Structures are given as structure tokens and as C-alpha cells.
Amino acid sequence: MKLLIITPVFPYPLESGGNKAQFLMIDKLRYDIDISLLCPKTSRENIAALTEIWPGVNMHVLSVTDNIPVKKKIFLQGVFVRLSNFFRHPLASVKRKAGL
């Protein structure tokens with residue numbers, strides 16, 4: 001069986017609870033399942049250390065924002081902020097339920 005894990009954080013070094021949880025989960029599953037890990041950009045030292053620990057796990061590290069021009073980054077950040085503010089607003093759920 002193959003499993004693709006897409007994560008917003010790189011699971012190494014083990015500095016936080018989320019990193020530890022992901023690390024331990026993948027560490028247990030990697031013996032029984034062919035795992036591919038897709039995660040954000042991190043330092044080369046972290047990638048090298050984790051590749052040495054997990055030789056059978058396919059790691060794909062991306063940098064999503066490197067190829068986006070600055071104007072588009074600012075626009076996308078603005079859209080994200082507006083959407084998050086809309087959904088976090090105290091009356092947003094009431095307005096959605098009322099159809100407003």
C-alpha cells in the first residue's frame with residue numbers, strides 16, 4: 001500500500017508536540033506502508049538527518065512562494081486575511097445560517 005502524507009510542517013527536528021507526533025506516526029507506518037512525504041522547505045541539515053533516519057521514505061520538499069512574484073504574494077495574503085477574518089468573525093456563523 002502507498003500513502004502520501006501532506007504536512008504543513010517538516011517533522012524534524014523534534015522541537016514541538018506536532019513534530020513529535022508526525023515523526024512517531026510515520027516512523028511506525030514506514031515499515032508496513034510505502035510512504036511519500038510532501039512538506040514545506042527546511043534546511044538541508046534537517047533533510048539530510050531525516051533521510052538518514054528514514055531511508056525508505058520518499059521526501060518531497062517544496063518551496064511554494066519562491067516562484068510567485070511579490071505583487072501576487074501580497075494580493076494572495078490579503079485575500080487569505082479577508083477570508084480568515086470573515087470566518088473567524090463572531091457573527092459569521094449566524095450570518096451564514098441566516099443566509100445573509
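Read along the sequence, this protein follows the pattern β-α-β-α-β-α-α, giving four helices and three strands. Both kinds of element are DSSP runs numbered from the N terminus, with helices being H or I runs of at least four residues and strands being E runs of at least two. This is a predicted model, in which local features need pLDDT of at least 70 and side-chain atom pairs count only at pLDDT 80 or more, while totals for chains, interfaces and linings use all residues. Residues are numbered from 1 along each chain as its sequence is written, and side-chain values use heavy atoms, with hydrogens and water left out.

Now take the pairings one at a time. Strand 1 and strand 2 run parallel and are joined by five bridges; isoleucine 5 has leucine 37 in strand 2 as its bridge partner. Strand 2 (residues 34-40) and strand 3 (residues 58-62) also run parallel, again joined by five bridges, and here proline 40 has leucine 62 in strand 3 as its bridge partner. To get from strand 2 to strand 3, the chain passes through helix 2 (residues 44-53), in a β-α-β crossover that is right-handed. Right-handed means that, with the strands pointing away from the viewer, the path from the first strand over the helix to the second runs clockwise.

What does asparagine 58 touch, leaving aside its neighbours within four places in sequence? Its contacts (heavy atoms within 4.5 Å) are Asp34, Ile35, Ser36 and Leu37. Leucine 37 is 21 residues away in sequence, yet the two C-alpha atoms are 6.1 Å apart. Asparagine 58 counts as partly exposed because its relative accessibility is 35%, given that buried means under 20% relative accessible area, exposed over 50%, and partly exposed in between (1.4 Å probe, protein chains only).

Next, turn to the loop between strand 1 (2-6) and helix 1 (17-29), where proline 13 lies. The peptide bond from tyrosine 12 to proline 13 is cis, with omega near 5°. Proline 13 is 32 residues from glutamate 45 in sequence and 9.8 Å from it in space, C-alpha to C-alpha. Glutamate 45 lies in helix 2 and counts as exposed because its relative accessibility is 59%.

How many salt bridges does the structure hold? There is one, counting a side-chain nitrogen of Lys or Arg within 4 Å of a carboxyl oxygen of Asp or Glu. It joins the side chains of aspartate 27 and arginine 30 at 2.9 Å, N to O. Aspartate 27 has a relative accessible area of 19%, so this residue is buried.

Finally, consider the protein as a whole. Buried residues make up 21% of its 100 residues. Among contacts between residues at least 6 apart in sequence, 53% join residues at least 24 apart.

How values were computed. Two strands pair if DSSP finds at least two bridges between them.
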